[in-house]
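Dear colleague,

Please find below the structure that I am passing on to you, together with its sequence. My notes on what was found in it follow.

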Amino acid sequence: MNNSDARALSRSLLDICRMRKLTIATAESCTGGLVAAALTEIPGSSDVIDRGFVTYSNNAKRAMLGVKAGTLDSFGAVSKETATAMAIGALERADTDLAVSITGIAGPGGATPGKPVGLVHFAAAARDGRLIHRECRFGAIGRSSVRQRSVVEALRMLMELTRGPKPPAKVRRESISRSRPRAARAPTRRASERRRTAAPVKPSPKKT
């Protein structure tokens, strides 16, 4: 993966979002804003990109994205739970259609038991309620490579959400009127039947 991959994905993503009138927000930790940079490098990206949150510290994740302290304490900054909370927080704070989050350990330090260098958690959320999570273990391939691969993965996840359910197609009025069931009408009675069932007329009193 290289910069050309990110640029091609960014261009395709922006084209699809522009066509579908979708907006995007990013929430980044270990990539430090590289996803937002890749997207805004493309001319005309302001039609789609609303904002990017760079939440490198836990305090920033809490203050800017609303990640709960309990989530960070229980699962850590690099976790599925935190990535999910970051994506949802970005979606809500920016009021966009799509949001993606990245939190990981780019290295060379920062590894902990069970969380090696190269571990990155991603989450992408859509306004219609769809939410996807992905865990990647890139390994100790170098800080720059982990960050570059993370950018490409985040763009792919956004692309996946743009190809989700399409808005319902507009139906012509003619087709609506044809498909709409007509109300059943009561059968009309013949004049003779109406006369038979009509209430009897009282005779007028005779003159004396």
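This is a predicted model: local features need pLDDT of at least 70, side-chain atom pairs count only at pLDDT 80 or more; totals for chains, interfaces and linings use all residues.

Among the buried residues of α6 are Val-146, Ser-150, Val-151, Val-152, Leu-155, Leu-158 and Leu-161.

Two packed helices are described by the angle between their axes and the distance between the axes. For α1 and α6 the angle is about 25° and the axes are 10 Å apart. Angles under 35 degrees count as roughly parallel, and α1 and α6 are therefore roughly parallel to each other. Their crossing is left-handed. On the α1 side, the residues making the contact include Leu-9, Leu-13, Ile-16 and Cys-17, and on the α6 side they include Val-151, Val-152, Leu-155 and Met-159.

Turning to the strands, β3 is mostly covered, with 7 of its 7 residues buried. Leu-98, Val-100, Ile-102 and Gly-104 point one way from β3, whereas Ala-99, Ser-101 and Thr-103 point the other way; all are buried. Strand β3 pairs with β1 in the parallel sense over 5 bridges, and in this pairing Ser-101 of β3 is the bridge partner of Ala-27. With β4, strand β3 pairs in the antiparallel sense over 7 bridges. There, the bridge partner of Thr-103 is His-121 of β4.

Is Ala-126 buried or exposed? Buried means under 20% relative accessible area; Ala-126 has a relative accessible area of 5% and is therefore buried. Leaving aside its neighbours within four places in sequence, Ala-126 is in contact with Leu-91, Asp-97, Leu-98 and Leu-161. The C-alpha atom of Ala-126 is also separated by 9.3 Å from that of Ile-24, although the two residues are 102 residues apart along the chain.

With kind regards

Notes
Residues are numbered from 1 along each chain as its sequence is written. Side-chain values use heavy atoms; hydrogens and water are left out. Buried means under 20% relative accessible area, exposed over 50%, partly exposed in between (1.4 Å probe, protein chains only). Helices (H or I, at least four residues) and strands (E, at least two) are DSSP runs, numbered from the N terminus. Two strands pair if DSSP finds at least two bridges between them. Axes are lines fitted to C-alpha atoms, for helices over the stretch in contact, and angles run from 0 to 180 degrees between N-to-C directions. Angles under 35 degrees count as roughly parallel, over 145 as roughly antiparallel, 65 to 115 as roughly perpendicular and the rest as oblique. A crossing is left-handed if the near helix is turned anticlockwise from the far one by less than a right angle, and right-handed if clockwise. Contact means heavy atoms within 4.5 Å.
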